[in-house]
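This report is for a reader meeting the structure for the first time. Please look at the sequence and the 3D view before reading on.

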Amino acid sequence: VGEAEEMGFKTETRQLLDIVACSLYSDKEVFVRELVSNASDALEKRRHLEVTNPEEYGREEGDEAMNISLTCNQSKSRFVVRDTGIGMTKEAFFVRDTGIGMTKEELGAAADKIIGQFGVGFYSAFMVSKYVKVYSRSAKKGSKGYLWESDGTGTFKISECEGVEKGTKIVLDVKDTELSFCTPQVCERVLKKYSNFVSFDITLNGGKVNTVEALWMKEKNDVSNEEHIDFYKFISGAYDSPLMRLHYSVDAPLTVRALLYIPQSHTEKYGGGRMESGVSLYCRRVLIQSKAKNLLPEWLRFIKGAIDCENIPLNISREHTQDGGMMRRLSTVITKRVIRWLEEEAKKDRQAFERFIREFGPFLKEGCCTDQVHKMDLAKLLRFETTKTDLDYPLVSLDEYRDRMKPNQTHIYYLNAPTKEMALMSPYYEQYKEHGLEVLICTEPIDDFVMQHVDTYSKHKLQNIEMFDAQYDGNVQHTKKIEGEKKEDVVVKKQLTEVQVKALSDFMSKRLVGRVGVVKATERLRDSPAVLADHESAQMRKIYRVTGQ
Ligand code: ADP
Ligand code: MG
C-alpha cells in the first residue's frame with residue numbers, strides 16, 4: 001500500500017462545493033438519488049464494456065452480481081452505498097477535480113450557470129456528511145483499489161487500498177443533524193421516491209427496494225396491455241385502466257422516452273378542485289421531479305405518465321425546472337407530440353375520440369383560450385354538436401363543418417343552447433334552417449369564450465347567430481348594427497303593413513322602455529313572433545350578470 005497523497009481542491013472546486021452544499025439542491029434527501037444514479041451509471045458502463053471489450057472488462061471468477069446495495073446505521077451515523085459497477089481508476093478520481101474548466105468569474109455567477117454543464121451530483125454527499133470515503137476499484141482486469149477521502153472543505157486524500165472489490169463503495173459519516181437519513185424508513189421512502197425504476201436491483205440493509213420496471217424504457221412492442229394497465233395504476237394511483245396511451249421515443253432534438261396515459265375520467269368535474277400535473281420527469285430512470293409543474297402546459301394536466309429525458313441534468317433543483325431553457329424545449333417537443341397523438345387518435349377510432357372529447361373537451365377548450373401557441377391546433381381537435389341530424393357520429397369538427405359549407409357561405413355559424421333539442425327549436429335558428437345552413441351547437445358555458453378566442457377558422461369567421469348583427473351570406477337580411485346601442489333590440493316579425501309595424505313597434509317600445517333599445521321589423525324569423533338580439537350573446541350576458549358587469 002502506497003503513501004496517502006493529500007492535496008487541496010482547486011479553488012474552483014471548493015467554490016463549487018459551497019454552491020452544491022448551500023444552494024444547488026432544494027432538498028437534502030436528493031443526495032441518495034445522486035449516489036444511486038451514479039451507481040446505476042457505473043453498472044450500465046460496466047455492462048456495456050463487458051460486451052464491447054471482453055478482453056479487458058470480461059467477467060472473472062468471483063465477480064459479484066450487478067447490483068446496488070445500501071446500508072444505513074443510525075447508531076454509527078453511517079450511510080453506505082455500494083455498487084458492482086465500472087469503478088474508478090486513480091486517474092478517474094482526479095478527473096473529478098481537474099475537469100472543471102471554469103474560471104473564477106464564471107463560478108461567481110449564479111448557480112444555474114453551472115447546472116447541466118458538468119456533474120456535481122457526487123458532491124451532494126457533503127450536504128449531509130462530515131466525512132466521505134470512496135473505495136473504488138476499476139472493473140478493468142488487474143486494477144488496484146483506491147481510497148479517496150475528504151471532509152469536503154479544503155483537502156482530499158488518495159491512497160492505494162487493499163481488499164477493495166470491483167466497483168465502488170461510498171461511506172458517509174453522517175452529520176449529527178441529518179441522522180434521520182440513517183433510519184431505514186426514511187431511506188426507503190427516499191429510494192422509492194427517486195429510484196424505484198432503476199434497472200438494477202437495489203437493496204437496503206439486505207431487503208430489495210425497487211420492484212417496478214421502467215416501462216417507458218422498453219421497446220414499444222415488448223410491453224403488454226396488462227403491463228400498461230399495472231404501470232398506469234401504479235404511477236397514477238388509479239383503479240381503472242387508461243382510455244388511451246402513447247408510448248414514444250425520439251432522439252432529436254432531445255433524447256426523450258415517454259409513456260403517457262389518458263384516464264377514463266377526471267376529478268375536476270366532480271368539483272374535486274384543480275388537478276395537479278400527473279406527469280413525472282426522469283433522467284435515465286431516476287426521478288428528477290414528480291408531478292412536474294412546467295413539463296406540460298396547464299391544460300394537459302389530465303395526462304398521467306412518465307417522461308424520461310437524458311438531456312435534462314439530474315441535479316436541477318425544483319426552482320430551476322421552472323425557467324430552464326432545456327425544460328422549455330422539452331415542453332415544446334412533448335406538447336407538439338401530444339397534439340399529434342390526439343389527432344391520430346381522432347382519425348383512428350372516432351368513437352373512442354368522442355368519449356375522450358366528452359370527458360376532456362373542457363381542457364382543450366381551456367387551452368384554446370389560454371395557450372396562444374397551440375390555439376389553432378386545439379381548435380382543430382374540438383368537436384361540437386350540430387343542427388345536422390343525419391350523421392353517423394353526433395359530434396363534428398370545424399374541418400368537417402367547413403368541408404360541407406354552402407358554396408356562398410362565408411361564416412361558420414354557432415348557437416348556444418343547453419341541448420341539441422333546444423337549439424333546433426330556437427327562434428334564432430329558424431331562418432338558417434330554412435336555408436339549409438348547418439349551425440354548430442355550443443352546449444357548454446365556456447364555448448362562447450372559446451369561439452370568440454378562436455375567432456376565425458380556415459379564414460371563416462365564427463358567427464354566433466344570436467347576435468344583433470348576425471347575418472348570413474348571400475341573401476335575405478343584413479341588419480345594420482346600431483352604434484352605441486347597449487340594450488337588447490326586439491326584432492318584430494314583418495308581415496304587417498308599414499303603418500301597422502310602426503304602431504306595434506311604438507307600442508312595444510313604450511311598454512318595454514328602458515329594457516330594450518330599438519324595436520323593428522325583421523325577416524329572420526319564421527315561426528316565432530319576436531326575438532331578442534344583442535351585441536352580446538345570451539351566454540355572455542349571463543356571464544356578465546354573474547360577474548356583476
Ligand atoms: P455526473 O454523474 O453528472 O458525471 P457526479 O458528480 O455525480 O457527476 O459524478 C462524477 C463522476 O464521478 C462520474 O461521471 C463518474 O465518472 C464518477 N463516479 C461517481 N460515482 C461513481 C461510481 N459509483 N462508480 C464509478 N464512477 C463514479
Ligand atoms: Mg451523477
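**Basis and confidence**

This is a predicted model, in which local features need pLDDT of at least 70, side-chain atom pairs count only at pLDDT 80 or more, and totals for chains, interfaces and linings use all residues. Residues are numbered from 1 along each chain as its sequence is written, while chains are lettered from A and ligands numbered from 1 in the order in which they are written.

The pLDDT is the predictor's confidence in each residue, on a scale from 0 to 100. The chain averages 83, and 81% of the residues score at least 70. Where pLDDT is low, the predicted coordinates should not be read in detail. The model scores ipTM 0.99 and pTM 0.74.

**Overall make-up**

The secondary structure comes to 16 helices and 22 strands. These are DSSP runs numbered from the N terminus, with helices (H or I) of at least four residues and strands (E) of at least two. Of the 549 residues, 35% count as buried. A residue is buried if 20 or more other C-beta atoms lie within 10 Å of its own, exposed if 12 or fewer, and partly exposed in between, with C-beta atoms placed from the backbone.

Two residues are in contact if their C-beta atoms, placed from the backbone, lie within 7 Å. Among contacts between residues at least 6 apart in sequence, 70% join residues at least 24 apart.

**The core and its surroundings**

A nonpolar core is a set of buried Ala, Val, Leu, Ile, Met, Phe, Trp, Tyr and Cys residues joined through C-beta atoms within 7 Å. The largest one has 113 residues, and those with the most contacts inside it are Ala125, Tyr282, Ile307, Leu415 and Leu440. Helix 2 (residues 30–52) gives the most to this core, with eight residues. Leaving aside neighbours within four places in sequence, Ala125 is in contact with Phe31, Leu35, Val132, Ile170 and Leu172.

Glu34 is placed in helix 2. Glu34 counts as buried because 24 other C-beta atoms lie within 10 Å. The unreviewed UniProt entry lists Glu34 under "binding site", along with others including Asn38, Asp83, Thr168 and Arg318. UniProt positions are given in the numbering used here, feature names are shortened, and annotations may be inferred rather than shown by experiment.

Val174 is found in strand 7 (residues 167–174). Not counting residues up to four places away in sequence, Val174 touches Ser77, Arg78, Phe79, Val128, Ser129, Leu179, Phe181 and Cys182. Val174 and Phe126 are 48 residues apart in sequence and 8.8 Å apart in space, C-alpha to C-alpha.

**Two helices**

The expected span of a helix is 1.5 Å times one less than its number of residues. The twelve residues of helix 7 (residues 225–236) should therefore span 16 Å, which agrees with the 16 Å between its end C-alpha atoms. Its buried residues are Phe231, Tyr232 and Ile235. They lie on the same side of helix 7, because they cover an arc of only 105° around the axis. The arc is that of the directions from the helix axis to the C-beta atoms. What covers these buried residues includes strand 11 (256–262) and strand 14 (304–309).

Helix 15 (residues 498–511) has 14 residues, of which the number buried is zero, so it lies largely in the open.

**Backbone details**

| Residue | Phi |
|---|---|
| Gly237 | about 70° |
| Arg285 | near 75° |
| Lys459 | about 70° |

Arg285 lies in the loop between strand 12 (278–283) and strand 13 (286–289), and Lys459 in the loop between strand 18 (456–457) and strand 19 (460–464).

Lys459 is exposed, with 7 other C-beta atoms within 10 Å.

A cis peptide bond, with omega about 0°, joins Ala252 and Pro253. Pro253 is in the loop between strand 10 (244–250) and strand 11.
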